[in-house]
Amino acid sequence: MFVEGYAVYPIIGADEAKEISISDLREKLSCHESGLASSEAEARLEEYGPNEILEKKINPLIKFLGYFWGTIPWMIEAAAILSAVLSRWDDFAIIFLLLLMNGVVGFWQENKADNAIELLKKRLAPAARVLRDGKWNAIASRMLVPGDIVRIRLGEIVPADLKLIEGDFLQVDESSLTGESLPVEKKVSEVAFSGSIIRQGEMTALVFATGMNTYFGRTAKLVELAKTQSHFQKAVVKIGDYLIILAVVLVTLVFIVATLRHESFLQTLQFALVLIVAAIPAALPAVLSVTMAVGAMQLAKKEAIVSRLAAIEEMAGVDVLCSDKTGTITQNAITVAEVVPFEGFTEKDLLLFGTLASREENGDLIDIAIIKKGKEEQVESGSYKLGKFQPFDPVYKRTKAEIEGPQGSFMAAKGAPQAIFSLVANSTQSISVDKNVELFASKGYRALGVASTDTKGAWCYVGLIALQDPPREDSAQTIKTAQSLGVRIKMVTGDHVAIAKEIARMVGLGTNIQPASDFINKPDEEATDIIEKADGFAQVFPEHKFKIVELLQARGHIVGMTGDGVNDAPALKKADAGIAVSGATDAAKSAAAIVLTRPGLSVIIDAIEESRKIFRRMNSYAIYRIAETIRVLFFITLSIVIFNFYPVTAIMIVLLALLNDFAIMSIAYDRAEYAQKPSRWDMKSVLGMATFLGLIGTISSFLFFSIGMSILHLTQDVLQSMMYLKLSVAGHFLIFITRTNGHFWSYRPSNILLAAVLGTQIIATAIAVYGLLIPPIGWSLALFVWAYAMVAFILTDLAKVFLFKRFERDVDILENEAAIIEKDVGKQ
């Protein structure tokens, strides 16, 4: 059996791998102690293919033809066929061009979006540590081949089917394969399957099956996961349905009236179909996908990689962000905060003995912090020679070193204050030790005791060193920025309450820090009240994170949650915007919707701001699309029903739709300002504003129509051409009105949007002036159209600003009333 040219027969089955000995398996896979040679690995990769589950790819031709199948394409195709039946070949050519353009643009934009996401996902591809040519190297997991020796450890996803050959044990989560929630213990000679997650331990293993040959590859159903729709995408789809229904109702009315007037059935049907096509947002899927793809690439530049496009919109609405303390708010770098020497010793003595009881080459963060502080204080330790060194022992909780110095031999030790106290015979220092440890704890510091022996070999307590993980330099300012954006930061940490409170105070968060025990076993309603009021949570386990997210969501919050560990995965998946921080495990990355490649809180705020810009573009498009549909449909329908006059021809409507689709694509590249509050879908505001702008456009069109008919006394053909140009120019100017809540000059549009709109309108003007496919109107009427459209544009913009202020005032009143009610309920 072969798939895409690669061998898909297993070298060895899982059952056989369990039974066979390690030595026999090595022999069967031709694997040596030093691992495979690079040349052999390349040959096997060529033979067996990459270590990945092959997705069923849709033939590009089938995908392209799919754009000509569906309700909207059928309507366009029917209109084209009717044009051919009526021998209106110019109409047929333009309608066919519209059909082809929708297909080509849609196909190109979807491919562009898919390629952008694939490119970003490659940056998230899991890596594996493999032994080749006698050296350990990190390579992409997809490059593994049968016979490779790999090292797996806590937090990693098992990259292939493995035989464990060296190490103590592993705790493996196989729930994705077996459904069993409890981790399974694995030891030497046992098998670990691809896709399972290492919960504990570290071992060396031999790869015996990869890709489609793995247990997962052979048993999984190879079906592509359906793309998740976000709240915003669902809302826009609902808008599309609403516009279709509106169009069908109005066009049906036109059809009935035309039939009663005994007009040509086929010509009326053709016009009706074309009108529906123009009203339906055919560019909707392409606008959505390209806006999301462009947004994802912008976020990637800011070190936030999107693994699920819908998360961009969810990030825009986040109003509560639960952030890890360590590494996100703090530096994840231990530093010396204070030194407190006891009687008979100085600060330099304390740092000297602390340095002598540390080893920089061990890479221990505490050792490095003390040595660094000693160098800063110019503590001279060069004249001391290390003898025997005992590294940190979790039983005795201290390090110990034998030192040869200018004054002779002695010993130095550092560790937990009580562990060091147990070495010292003099118990009078007990009160001083306890007092300082409590003082350090109140400041959020960890205490470290230091002792040394005197010339007689008796231990003396030299003093205490206070250690802290200081806040990142930008954390306080970033939190202030987040609060100004309407995002409440809640700190989440496994540390003690005192440490959490001190860090919260230092970065400008409130100090209402709740230990997990205060809410975890309480009824949901009571627990949610505590969680909502809290500024952060201490002594939190990963399972508590899930509960925090769940309860906040139940209260209507859109929740962002950061995480980095294996056990954070459920909470990251549950959150509206799961964020895997820099350095997160593979399991956390796979569960998160956004993966950060730069440490700190600022990159999350950048992601929120960028997401709100994207939301603003989508919001602008929604208002524009609804308003434009109402404007065109109502004007044409009422003209036909009331005045028995077709203000534009079928070919003009097709030209409107054709040029409109070209220009609207560029909205994805427009400049946008982010909102100062979480961006949520406000259907009342969007529909209200769109209807208002659409009706103003309808009135404006009728006024212009009456000028052309009653004042200028234009012929029907010229009047239709003039109305076509007016609908085109005024319609595209509407984009500049909807793109901002303020006046259109609030901030300039992007060069791409400006060029697209002006470019299409120059083409529309040329068509009308020189009579390309429609009767000509000349430059004087064209300039009159532009002047009228400009005046209408400015007046409409002023009316829009007034209405938006009314909307915002009503929203503020409702929010204040809700806050008062909530406060009264809380008092009761």
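Reply: Happy to! The crossing of helices H24 and H26 is right-handed. Please keep in mind that this is a predicted model. Helix H24 covers residues 602–643 and helix H26 covers residues 683–711. Their axes come within 7 Å and cross at roughly 40°. Because angles under 35 degrees would count as roughly parallel and the roughly perpendicular range starts at 65, H24 is oblique to H26. Sorted by class, the residues in the contact of H24 with H26 are 17 nonpolar, seven polar and one charged.

From there, let's go on to a residue in another helix. Thr796 belongs to helix H29, which runs over residues 778–827. Is Thr796 buried or exposed? Its relative accessible area is 10%, and since buried means under 20%, Thr796 is buried. The side chain of Thr796 reaches the backbone oxygen of Ala792 at 2.6 Å. If you set aside the neighbours within four places in sequence, Thr796 is in contact with Leu693, Ile696 and Ile737.

Now for some loop residues. Ser30 sits in the loop between helix H2 (22–28) and helix H3 (38–48). Phi of Ser30 is near 55°, a positive value in a residue other than glycine. With 42% relative accessibility, Ser30 counts as partly exposed.

Gln378 is a loop residue too, placed between helix H15 (365–376) and strand E13 (385–393). For Gln378, phi is near 55°, again positive in a residue other than glycine. What about its accessibility? At 60% relative accessibility, Gln378 counts as exposed, because the cut-off for exposed is over 50%.

The last stop is Gly556, in the loop that lies between helix H21 (542–554) and strand E21 (559–563). Gly556 has a relative accessible area of 40% and is partly exposed. How far apart are Gly556 and Asp319 in sequence and in space? They are separated by 237 residues in sequence, while from C-alpha to C-alpha they are 9.9 Å apart.

To look at these places yourself, you could begin with the right-handed crossing of H24 and H26, go on to buried Thr796, and finish with the loops that hold Ser30, Gln378 and Gly556.

Methods:
Residues are numbered from 1 along each chain as its sequence is written. This is a predicted model: local features need pLDDT of at least 70, side-chain atom pairs count only at pLDDT 80 or more; totals for chains, interfaces and linings use all residues. Side-chain values use heavy atoms; hydrogens and water are left out. Axes are lines fitted to C-alpha atoms, for helices over the stretch in contact, and angles run from 0 to 180 degrees between N-to-C directions. Helices (H or I, at least four residues) and strands (E, at least two) are DSSP runs, numbered from the N terminus. Angles under 35 degrees count as roughly parallel, over 145 as roughly antiparallel, 65 to 115 as roughly perpendicular and the rest as oblique. A crossing is left-handed if the near helix is turned anticlockwise from the far one by less than a right angle, and right-handed if clockwise. Ala, Val, Leu, Ile, Met, Phe, Trp, Tyr, Cys and Pro count as nonpolar, Asp, Glu, Lys and Arg as charged, and the others, Gly among them, as polar. Buried means under 20% relative accessible area, exposed over 50%, partly exposed in between (1.4 Å probe, protein chains only). A polar contact is a pair of N or O atoms within 3.5 Å; within protein, one must be able to donate a hydrogen and the other to accept it, and residues adjacent in sequence count only if both atoms are side-chain atoms. Contact means heavy atoms within 4.5 Å.
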